[in-house]
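This report describes selected features of a protein model. Please keep the sequence and the 3D view open while reading.

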Amino acid sequence: MGIRIYDSMKRTTVPFETRDPGKVSMYVCGPTVYNLIHIGNGRTFICFDLIHRYLEYRGYEVTYVRNYTDVDDKIIERAEVEKVPPDTIARKYTEAFEEDMRALGGEVPDLTVKATEHVAEMVAAITGLIGNGSAYATDEGDVWFSIESFDGYGKLSGRSIEDLRAGERVEPHAGKRHPLDFSLWKAAKEGEPSWESPWGPGRPGWHIECSVMSEKYLGMGFDLHGGGSDLIFPHHENEIAQAEGLHEGQTFVRHWLHSGMVQMEAEKMSKSLGNVVLARDVAERYGGEQTRYWALAGSYRSQPVFSEAALRDATQAYERWKTFLEASRHLLGERMPQGSWPRTRTDDEIAAAAGYVTRFIDAMDDDFNTAGGYAVVHDLVSEGNRILERAQSGGDEHIQNLIEIIDPFLELTGVLGFAFPSGTGDNGELVGGLLDFLLELREEARAGKAFDRADAIRDRLISLGVSIEDTAAGTRWRI
Ligand SMILES: [Zn+2]
């Protein structure tokens with residue numbers, strides 16, 4: 001049946017049809033790099049990371065572009081506070097963002113593009129918009145987009161110009177013709193980063209960077225434009241006006257995708273986390289994959305509640321999957337199948353697949369319904385646990401059944417972006433050293449025939465979640 005997506009512009013679920021068969025061009029609005037990201041931003045990027053992975057899994061050749069807004073009022077303000085140049089702020093928080101994404105299991109897009117490296121293209125686009133009457137420059141050296149020049153203004157948010165005007169608090173500005181006209185070029189103020197332009201030194205507005213960079217790398221009419229639902233107005237509405245204003249008669253984007261906003265349950269949060277919850281604090285406290293589990297537990301369009309209870313529930317559910325995997329690995333030893341990710345499932349392979357894989361694809365094809373996808377993995381783990389129990393008592397057919405269920409487990413959790421690292425956190429080296437030491441003591445106890453002592457050490461470690469395997473080459477442990 002193929003993938004169906006909820007298109008925010010059409011306000012309904014539609015078949016996912018790409019511009020070029022088998023290929024997907026995808027652009028997602030990235031962060032403004034002036035601070036550490038909030039868990040809400042973190043979730044948005046994890047949702048699109050999932051969509052990217054799933055499209056590749058379904059056999060599409062995906063080109064995924066995400067930007068960094070690395071020149072902006074907020075960056076300049078932050079630079080003043082930290083008393084460093086704005087580009088130092090942008091670099092610092094770009095690195096921090098990339099670190100946070102890694103912690104949450106986010107893959108790096110095919111292209112990450114920076115606004116400051118595309119100013120020439122933006123100047124060219126603005127020149128074109130002035131040339132065809134879509135924009136105007138003022139005596140102050142600013143350039144504004146004239147929203148009245150664009151008939152389709154409001155079509156993404158589904159509101160008229162009058163409605164939008166009533167709903168927005170609009171700052172008056174010298175030389176602006178309509179309250180909703182938005183900035184394409186800002187005249188430089190003393191000490192701010194600036195570039196030369198036909199309108200004097202200045203810097204680009206926020207909206208123009210995304211329409212210019214997405215069009216540069218993906219062309220007009222690319223397949224998917226994504227972002228948080230808070231970007232629908234004005235950012236995405238303005239992107240459409242710019243792109244379609246410049247390329248009259250063409251469509252900017254085939255499908256718009258917007259992720260739901262995280263709801264904060266501040267009063268129930270512990271004081272240590274406070275009201276502003278950073279993605280990295282959450283990942284440190286609960287674990288990166290546990291946080292990712294929470295982020296994807298509902299559909300990307302849902303508005304999940306962020307609370308300690310929700311994170312605890314997610315952690316528990318995630319641990320159920322991980323425990324199953326580790327118990328299987330422990331039992332199977334060298335017979336453990338290797339990870340199935342990355343891999344793709346073409347339509348023919350899906351037709352040939354059965355059981356859990358088919359059910360998972362059916363769920364996920366429905367607008368990337370991860371809640372349904374999770375339910376399939378939970379069913380799989382339930383069956384896996386039953387087999388595991390029987391396999392503990394021996395029997396080759398149970399071992400074979402277990403191997404057969406591990407394979408789809410690795411495939412489906414791989415698509416969802418889980419690697420189940422068996423790491424030991426920041427103190428990994430210390431913990432590893434201590435475990436080796438304890439196992440040496442156990443060896444000594446056994447050599448001295450103090451078997452009670454040796455067994456006590458083993459039992460204690462097992463009760464702490466450390467699995468121990470005696471092999472010809474010595475004793476191995478795994479947390
Ligand atoms: Zn954008």
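## Basis of the report

The model is predicted. Every value given here was computed from that model.

## Helix α14

Helix α14 covers residues 396-415, 20 residues in total. At 1.5 Å a residue, α14 should span 28 Å, and its end C-alpha atoms lie 29 Å apart, which agrees.

Of the 20 residues of α14, 14 are buried, so the helix is largely enclosed by the rest of the structure. Just after α14, G417 has a positive phi of about 95 degrees.

## Aromatic pairs

The whole structure contains 24 aromatic pairs. One of them joins Y54 and F360: the ring centres are 6.5 Å apart and the planes meet at 65 degrees, so this pair is edge-to-face, the class for angles over 60 degrees. Y54 belongs to helix α1 (residues 39-57) and F360 to helix α12 (residues 355-365), so the pair ties together parts that are 306 residues apart in sequence. Y54 and F360 are both buried.

Y68 and F97 form another edge-to-face pair, with 5.8 Å from centre to centre and 85 degrees between the planes. Y68 is in strand β4 (residues 61-68) and F97 is in helix α3 (residues 86-103), so this contact ties together parts that are 29 residues apart in sequence. Both Y68 and F97 are buried.

## Ring cluster and charges over rings

Ring pairs also link a set of residues into a cluster. Its members are Y293, Y318, W321, F324, Y374, F409, F418 and F420. F409 falls within the residue range of α14, 396-415.

Two arginines are placed over aromatic faces. R66 lies over the face of F45, at 5.5 Å from the ring centre. R159 lies over the face of F233, where the distance to the ring centre is 5.6 Å.

## Cavities

How many cavities of 30 Å³ or more are there? The count is 2. The largest cavity holds about 50 Å³ of space. Its lining consists of A125, L129, I208, S211, V212, E215, Q242, A243 and L246. By class, the lining of the largest cavity has 6 nonpolar residues, 2 polar and 1 charged.

The second largest cavity has about 40 Å³ of space. The residues that line the second largest cavity are P31, T32, V33, N35, L36, I37, Y93, A96, F97 and D100. This lining divides into 7 nonpolar, 2 polar and 1 charged residues.

Is E284 buried or exposed? E284 is exposed, with a relative accessible area of 64%, where the cut-off for exposed is over 50%. The residue sits in helix α8 (residues 279-286).

E284 can also be placed relative to G448. The two are 164 residues apart in sequence, and their C-alpha atoms are 42 Å apart in space.

Conventions
Residues are numbered from 1 along each chain as its sequence is written. This is a predicted model: local features need pLDDT of at least 70, side-chain atom pairs count only at pLDDT 80 or more; totals for chains, interfaces and linings use all residues. Side-chain values use heavy atoms; hydrogens and water are left out. Helices (H or I, at least four residues) and strands (E, at least two) are DSSP runs, numbered from the N terminus. The expected span of a helix is 1.5 Å times one less than its number of residues. Buried means under 20% relative accessible area, exposed over 50%, partly exposed in between (1.4 Å probe, protein chains only). Rings of Phe, Tyr and Trp (its six-membered ring) pair if their centres lie within 6.5 Å; planes under 30 degrees apart count as stacked, over 60 as edge-to-face and the rest as tilted. A charge sits over a ring if NZ of Lys or CZ of Arg is within 6 Å of the ring centre and within 35 degrees of the ring normal. On a 1 Å grid over the protein atoms alone, a cavity is a set of points where a 1.4 Å probe fits but cannot get out, and a pocket is an open set with protein on both sides within 12 Å along at least five of seven lines; lining residues have an atom within 4 Å of a point. Grid points are joined across faces, edges and corners, and a volume is the space filled by probe spheres set on the points. Ala, Val, Leu, Ile, Met, Phe, Trp, Tyr, Cys and Pro count as nonpolar, Asp, Glu, Lys and Arg as charged, and the others, Gly among them, as polar.
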